[in-house]
Amino acid sequence: MIKETTVDHKDKLLSTIQASGQFDADGLEHFRHTLEEHLSDPGGALWFTAFEGDPVGVAYCIPEPVSVGTWTLLMLWVEDGLEEKGVGLALVARIERELLEMGARLLVVETSGTGDFDFARSFYEKSGFQLEATLRDFFDVDDDKLIYIKPVKRR
């Protein structure tokens, strides 16, 4: 079940993400800060949480400034072991439905070009995103930023 993320979800979502071990201390702090900021003043951002009893996934998306109808998916996290069970697809689909209702036209996602992100890149491609650009050595030497795009449209 996918729900809009609310203050009621905050503590359980934070503890689930921390327990996953998938974020270092800086990443956890950034996630906590961004979530708390959203909950106190949504400012147009979209946050959705996937539940199977407890939170098992989250997606966070913001409008791009100085663009018309372009949004960036800044976070898509799914609990280990659930990657192949459609949780990520359901979160992306929920974001797309919301964006379609808002009149958005383009969804962007950025990721790393290293081997650690092979699964993420494969997921985005299976979800209909197309590689639009590569920024060489962006994150570090030999760690490119890959930018994927997906038009927002009725299916």
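Analyst: Aspartate 137 has a relative accessible area of 42%, which means that this residue is partly exposed; that term covers the range between buried (under 20%) and exposed (over 50%), with a 1.4 Å probe and only protein chains considered. The model is a predicted one, in which local features need pLDDT of at least 70 and side-chain atom pairs count only at pLDDT 80 or more, while totals for chains, interfaces and linings use all residues. Residues are numbered from 1 along each chain as its sequence is written, and side-chain values use heavy atoms, without hydrogens and water.

Aspartate 137 belongs to strand E6. Strands (E, at least two residues) and helices (H or I, at least four) are DSSP runs, numbered from the N terminus. The phi of aspartate 137 is positive, about 55 degrees, although the residue is not a glycine. Most residues other than glycine have a negative phi.

Valine 66 is likewise not a glycine and has a positive phi, of about 50 degrees. Its place is the loop between E3 and E4. Valine 66 counts as exposed because its relative accessibility is 90%.

E4 comprises residues 70–78 and is mostly covered, with 7 of its 9 residues buried. On one hand, E4 is joined by 7 bridges to strand E3 (residues 54–63), and the two run antiparallel; strands count as paired if DSSP finds at least two bridges between them. Within this pairing, glycine 57 has valine 78 of E4 as its bridge partner.

On the other hand, 4 bridges connect E4 with strand E5 (residues 106–112), and these two run parallel. Here threonine 72 is partnered with valine 108 of E5. Between E4 and E5 the chain passes through helix H3 (residues 87–102), and this β-α-β crossover is right-handed. Right-handed means that, with the strands pointing away from the viewer, the path from the first strand over the helix to the second runs clockwise.

E4 also has a part in covering helix H1. The cover over the buried residues of H1 includes helix H2 (25–40), strand E2 (46–52), E3 and E4. In H1 itself (residues 10–20), the buried residues are Lys10, Leu13, Leu14, Thr16 and Ile17. They lie on the same side of H1, because they cover an arc of only 165 degrees around the axis; the arc is that of the directions from the helix axis to the C-beta atoms. An α-helix has 3.6 residues a turn, so residues three or four places apart point the same way. Asp11, Gln18 and Ala19, on the other side of H1, are exposed. After H1 comes glycine 21, with a positive phi near 75 degrees.

With a relative accessibility of 3%, alanine 50 counts as buried. Neighbours within four places in sequence aside, alanine 50 is in contact (heavy atoms within 4.5 Å) with Met1, Ile2, Pro55, Val56, Gly57, Val87 and Leu91. From alanine 50 to glutamate 110 there are 60 residues in sequence and 21 Å in space, C-alpha to C-alpha.

Serine 127 sits in the loop between helix H4 (118–126) and strand E6 (130–140). Its relative accessibility of 9% makes serine 127 count as buried. It touches Leu89 and Lys150, not counting residues up to four places away in sequence.

Finally, the chain as a whole. It has 4 helices and 7 strands, following the pattern β-α-α-β-β-β-α-β-α-β-β along the sequence. Of its 155 residues, 40% are buried. Among contacts with a separation of 6 or more, 56% come from residues 24 or more positions apart. The radius of gyration is 15 Å, which agrees with the value near 15 Å for a compact globule of 155 residues; this radius is taken over C-alpha atoms, and the globule rule is 2.2 Å times the number of residues to the power 0.38. The C-alpha trace spans about 40 × 35 × 30 Å along its principal axes.
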